[in-house]
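Thanks for coming. I will go through one structure today, starting with a pocket and ending with the charged pairs.

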Amino acid sequence: MERVNTLLGKHIWLQFALGILVGSALMVLLFPGRSILSVVIRMTVVSIGSIAVVLAARRKEKRAAGSTDSLIVLDRKLRKGDVPTEPAERDAMRALVAQRLHRTRHRVPALVFLTVLFCSVTVLTAMTGGLRPTIGLALLSVLFIGWLTVSGSKNQRRLRAMDAALKSEGATRSPDYSKV
C-alpha cells in the first residue's frame, strides 16, 4: 500500500485519471444506456474545477515541504506518526501541519452541507428517476459521507497529535495514535 501511496503522491495526474475513470464507471452503472465516451468526457469537464483546487492546494503544500519528494516523505511520517528529528524537516512538517489544519478548519460545516446536498439529490432522484438510480445514490451517499466522516476525523486527530508533538520541546517520540 505504501508503494501505491508513493506512486499516487509523485504522479498527481494518475489520481485525476483514476478519479475520472471510477466516477465514469459509477455513472454508467447508475444511469445505463449512455455512451461510455460521452460519460468520460462529461466527467472530465466536470472535474476540471476540482482538479484546479487540488493542484492549488498541492502547490502550497509543496512550497511548505520544499519539493514533491519531501512532501511525500513528510506525508508518510504524518500518517505513521513519526516526528521529524532534523530541524529543517521539523520546520517543514510544522508548516505542512499548520497549513492542513488551517485548510480543514471548516470541516464540520462542509460535511453538514455535503450531507444535505447528497440527501437532497437522492430525494430528487427518487421523485423524478427510477428505483435503480435512487438506490445507487442512497448507497453512494451513505458510503461517501461515512467515509468522509471517519477519514476526516482520523486525519484531524493525526494533525493535532503531530502539532502537539512538534510544539513540545525536543519531542522525538511519536505522537499517541492509539486513539486513531
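Before the pocket, its definition. On a 1 Å grid over the protein atoms alone, a pocket is an open set of points with protein on both sides within 12 Å along at least five of seven lines, whereas a cavity is a set of points where a 1.4 Å probe fits but cannot get out. Lining residues have an atom within 4 Å of a point. Grid points are joined across faces, edges and corners, and a volume is the space filled by probe spheres set on the points.

Now the ground rules. This is a predicted model, where local features need pLDDT of at least 70 and side-chain atom pairs count only at pLDDT 80 or more, while totals for chains, interfaces and linings use all residues. Residues are numbered from 1 along each chain as its sequence is written, and side-chain values use heavy atoms, with hydrogens and water left out.

Overall layout next. The protein has 7 helices and 0 strands, in the order α-α-α-α-α-α-α along the sequence. Helices here are DSSP runs of H or I with at least four residues, strands are runs of E with at least two, and numbering starts from the N terminus. The C-alpha trace spans about 60 × 30 × 25 Å along its principal axes. Of the 180 residues, 30% count as buried. Buried means under 20% relative accessible area, exposed means over 50%, and partly exposed is in between, with a 1.4 Å probe and protein chains only.

Back to the pocket. The second largest pocket holds about 150 Å³ of space. Which helices supply at least two residues each to its lining? They are helix 6, residues 107–128, and helix 7, residues 131–167. Helix 6 gives the most, with 5 residues. The lining is made up of Leu114, Leu117, Phe118, Val121, Thr122, Leu137, Leu140, Ser141 and Phe144. By class that is 7 nonpolar, 2 polar and no charged residues. For the classes, Ala, Val, Leu, Ile, Met, Phe, Trp, Tyr, Cys and Pro count as nonpolar, Asp, Glu, Lys and Arg as charged, and the others, Gly among them, as polar.

Leu37, Ile41, Val45 and Ile48 form a nonpolar patch with about 410 Å² of accessible area together. Accessible areas come from the Shrake-Rupley method with a 1.4 Å probe, and for residues only the protein chains shown count as cover. A patch takes residues with over 30% relative accessible area and no salt bridge; like charges are joined within 9 Å, and nonpolar side chains (Val, Leu, Ile, Met, Phe, Trp, Tyr) within 5 Å. Ile48 lies in helix 3, residues 36–65. Why does Ile48 count as exposed? Because its relative accessibility is 52%. The C-alpha atoms of Ile48 and Arg63, 15 residues apart along the chain, are separated by 23 Å.

For contrast, take Met93 in helix 5. Met93 is buried, at a relative accessible area of 0%. Between the C-alpha atoms of Met93 and Leu21, 72 residues apart along the chain, the separation is 33 Å.

Last, the charges. Side chains of opposite charge can pair when their charged atoms come close. A salt bridge here is a side-chain nitrogen of Lys or Arg within 4 Å of a carboxyl oxygen of Asp or Glu. The whole structure has 7 of them.

Lys77 pairs with Glu89, with the closest N and O atoms 2.9 Å apart. Lys77 is partly exposed at 22%, while Glu89 is buried at 18%.

Asp91 forms a salt bridge with Arg94, again with closest N and O atoms 2.9 Å apart. Both are in helix 5, and because they are 3 residues apart, about one helical turn separates them. Asp91 is partly exposed at 47%, and Arg94 is partly exposed at 31%.

In helix 7, Asp163 and Lys167 are 4 residues apart, about one turn. Their salt bridge has its closest N and O atoms at 3.2 Å.

Finally, Glu61, Asp75, Arg79, Arg100 and Arg103 are linked in a network of salt bridges.
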